[in-house]
Amino acid sequence: MLFNSVTFLGLFLPIICILYWQLKGNARLWLLLLGSTTFYGFWRIEFVPLMLGSAVMDYYLALLIDRQEDPIKRKRLMQVSLVVNLGILGFFKYFIFFRNSVFSLAEVLGFHPSFTTINIILPLGISFYIFQTLSYTIDVYRRDLPPERNMLRYLTFVTFYPHLVAGPIMRPDILIPQLKDPAPFDGQQVRRGIERIIAGLFLKVVLADTIAGFVDQGFGGNIAQMSAFDAWTLAFLFGFQIYFDFAGYSSIAIGSAMIMNIYVPENFNFPYVATSPREFWKRWHISLSTWIRDYVYIPLMGRYREPGHGAWDTLAESSENVPGAAKVTEGKRTRALFSTWAIMGLWHGANWTFVLWGVYHAAMVWAQRVISPRIRMPGGVIGALIGVAITLPLMMAAWIPFRAVSLHDTFTLWGKMLDPRQYHAFGLAPNSYMMAAALTVSMFIVWFVRDRIVPRFAANGTPLVVAKTAYLTVAIAIVFVMLEVKSAFIYFQF
């Protein structure tokens, strides 16, 4: 079931939300569990047992880990969760990729292996719910979280439909307590939730789906004949498409939960106004970047701690070396950085283009580490403008391997961007260039209004109410006219 479908907006969402406020206790949890499995089953019902099976396994493993005092046995139980969950993810998402990579290498070496063609359907949202159950088991192992003994509540946490198939990735310590002690009905939250859903639909239906046609046409054309202007335009257009698409999904997810007065954390915060690569990842897909940091990057650095000594969630890079802990060498930090980003790339897709995308971002963060201590940037507005002017094109160029169909196309487009002789022609549809420029300018205007203008009128709410009413009226009208399922959300494929 898609968030931008009439089935969801006209039937599923109103029925679930109305019944939620009519029911109490376990009845609410049963409603959410059955509603969420129905939501997921609209795609392929035969994959519901796989999702529930993985969740049930981790439920019992967490209970066993909690009861076990022997550290070696505790670790082995945690490793069972890792092996099984990553094995499931690896089979469905990466089996064909690694098989084809091995056979391609064999052909380069002169061998000619034969194999039977098989098709493996990638279960919807598998990367998200696997990461979610893994974080639960690991947190129980670290004694950062007591195991949830109510299976109904635990399964509701795993399957909660707003974030099930494309995030935000919910930490158990955020959602489980809200299911255990639900917040009371709040009309203001219902209103805010509806506003977030409208905003998300506008981002997806009006902006992302409109841009998608230009992006598909561009990347489906003759890459070799494009100019550097074309390459940059496609990079910017796809950068905005995936931002509006994914931020739109996250906004609808947050709004859907907000109607039930359930808090789902923000996943985006104007990432393209970032002044550095590191700041970009504090603003883009926040739930994934913090998850990868806490459960992959920091352990790869060799930073382990005694169970029960707090989560990594607030750890800043500047405090990676702390008193009483083994010093993390620069070499180990760098190896952990590039390994983590390669994993991040593979998480997004089973293709070497995604690995390249991850390594590219690792190189940008590493370059910032090396260069920033040696260069003194001006402060204030001038420094911020310089930072954005450098960071924005670097981040947009990163979307080339994310969207290109092959490494060859990626390097062809990157090569054109770096070749001064390629800045000579415009081969895309004329409105492609105007759209990319207009979106860039509009994004900065919207950010400036939200962060600089709106706070000044916070004390006197009348102008804000008038402006918001006008915006919502226009947005609803446009969404209503354009609402149709042109395409699934991009992150559904991950």
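Contact, as used in these legends, means heavy atoms within 4.5 Å. The views show a predicted model, in which local features need pLDDT of at least 70 and side-chain atom pairs count only at pLDDT 80 or more, while totals for chains, interfaces and linings use all residues. Residues are numbered from 1 along each chain as its sequence is written, and side-chain values use heavy atoms, with hydrogens and water left out.

Tyr272 is buried (under 20% relative accessible area, against over 50% for exposed and in between for partly exposed; 1.4 Å probe, protein chains only), because its relative accessibility is 1%. Leaving aside residues up to four places away in sequence, Tyr272 touches Gly239, Phe240, Tyr243, Phe280, Trp284, Val388, Leu392, Met396, Trp399, Met443 and Phe444. The C-alpha atoms of Tyr272 and Met417 are separated by 20 Å, and these residues are 145 apart along the chain.

Aromatic pairs are rings of Phe, Tyr and Trp (its six-membered ring) with centres within 6.5 Å; planes under 30 degrees apart count as stacked, over 60 as edge-to-face and the rest as tilted. The whole structure holds 58 such pairs. The pair of Tyr40 and Trp43 is edge-to-face, at 6.2 Å centre to centre with 70° between the planes. Tyr40 is buried, at a relative accessible area of 0%, whereas Trp43 is partly exposed, at 30%.

**View C. The aromatic pair of Tyr243 and Tyr272.**
This pair is also edge-to-face, with 5.5 Å centre to centre and 80° between the planes. Distant parts of the chain are linked here: Tyr243 belongs to helix α9 (residues 228-259) and Tyr272 to the loop between α9 and α10 (277-283), 29 residues apart. Tyr243 and Tyr272 are both buried.

**View D. Packing of helix α3 against helix α4.**
Helices are DSSP runs (H or I, at least four residues), numbered from the N terminus. Helix α3 (residues 48-67) packs with helix α4 (residues 71-108) at an angle of about 170°, their axes 8 Å apart. Therefore α3 is roughly antiparallel to α4 (an angle over 145 degrees). From α3, the residues in contact include Leu50, Met57, Leu61 and Ile65, and those from α4 include Leu77, Val84, Ile88 and Phe92. By class, this contact has 11 nonpolar, three polar and three charged residues (Ala, Val, Leu, Ile, Met, Phe, Trp, Tyr, Cys and Pro count as nonpolar, Asp, Glu, Lys and Arg as charged, the others, Gly among them, as polar).

How values were computed:
Axes are lines fitted to C-alpha atoms, for helices over the stretch in contact, and angles run from 0 to 180 degrees between N-to-C directions. Helices (H or I, at least four residues) and strands (E, at least two) are DSSP runs, numbered from the N terminus. Angles under 35 degrees count as roughly parallel, over 145 as roughly antiparallel, 65 to 115 as roughly perpendicular and the rest as oblique.
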